[in-house]
Amino acid sequence: MLSLFSKKRLSDNKMANMFVNVILDATEDGFKELAAMINDDPEFVKRPNISEGDYGKFMMIVLVTNLNYLPEHFDIAEEKRLKYLILDKFARQFEMDYDPFKKLVQEYKACMARVNHPSKNHLYAMS
């Protein structure tokens with residue numbers, strides 16, 4: 001009976017799979033609608049003209065932002081292991097090797113930090 005109340009721990013691999021699948025599903029399902037909303041927003045002086053080809057950039061921004069939140073929920077060892085597994089799974093998904101994909105993620109992270117400076121709010125960096 002006590003086992004009903006015990007905390008069930010997911011393996012790092014299952015957690016990484018869930019992370020990857022949720023990011024991919026959310027970005028695939030939401031990108032077209034979000035792009036249409038932005039393109040049609042009358043507040044823009046010049047229409048952004050976000051195209052379907054911009055999906056990869058959108059997915060990378062969502063990925064990097066979510067990776068930035070890992071340290072808030074996991075200790076450093078768990079975070080490093082999860083981040084490795086997540087990046088490895090994404091790299092395979094896009095038929096890339098781990099190191100080039102990791103470098104791409106670091107480039108996006110650096111760019112988002114630059115445009116968001118001095119704020120450290122990851123949600124602001126997304127916009």
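When I say contact, I mean heavy atoms within 4.5 Å. What you see above is a predicted model, where local features need pLDDT of at least 70, side-chain atom pairs count only at pLDDT 80 or more, and totals for chains, interfaces and linings use all residues. Residues are numbered from 1 along each chain as its sequence is written, and side-chain values use heavy atoms, with hydrogens and water left out.

Let me start with N39, which sits in helix α1, residues 12-40, helices here being DSSP runs of H or I of at least four residues, numbered from the N terminus. Leaving aside neighbours within four places in sequence, N39 is in contact with R47, P48, N49 and I50, and its side chain reaches the backbone nitrogen of I50 at 2.7 Å. N39 counts as buried because its relative accessibility is 11%, the cut-off for buried being under 20% relative accessible area with a 1.4 Å probe, protein chains only.

Turning to α3, residues 76-93, D75 caps its N-terminal end, with a side-chain oxygen 3.1 Å from the backbone nitrogen of A77, while just after the helix E95 takes a positive phi of about 55°. Among the buried residues of α3 are L82, L85 and F90, and the cover over the buried residues of this helix includes α1, α2 and α4.

Finally, how do α1 and α3 pack, and how far apart are their axes? They pack at an angle of about 50°, with the axes 9 Å apart. Residues of α1 including F19, V20 and I23 meet residues of α3 that include L82, L85 and F90.

How values were computed. Helices (H or I, at least four residues) and strands (E, at least two) are DSSP runs, numbered from the N terminus. Buried means under 20% relative accessible area, exposed over 50%, partly exposed in between (1.4 Å probe, protein chains only). A polar contact is a pair of N or O atoms within 3.5 Å; within protein, one must be able to donate a hydrogen and the other to accept it, and residues adjacent in sequence count only if both atoms are side-chain atoms. The expected span of a helix is 1.5 Å times one less than its number of residues. Axes are lines fitted to C-alpha atoms, for helices over the stretch in contact, and angles run from 0 to 180 degrees between N-to-C directions.
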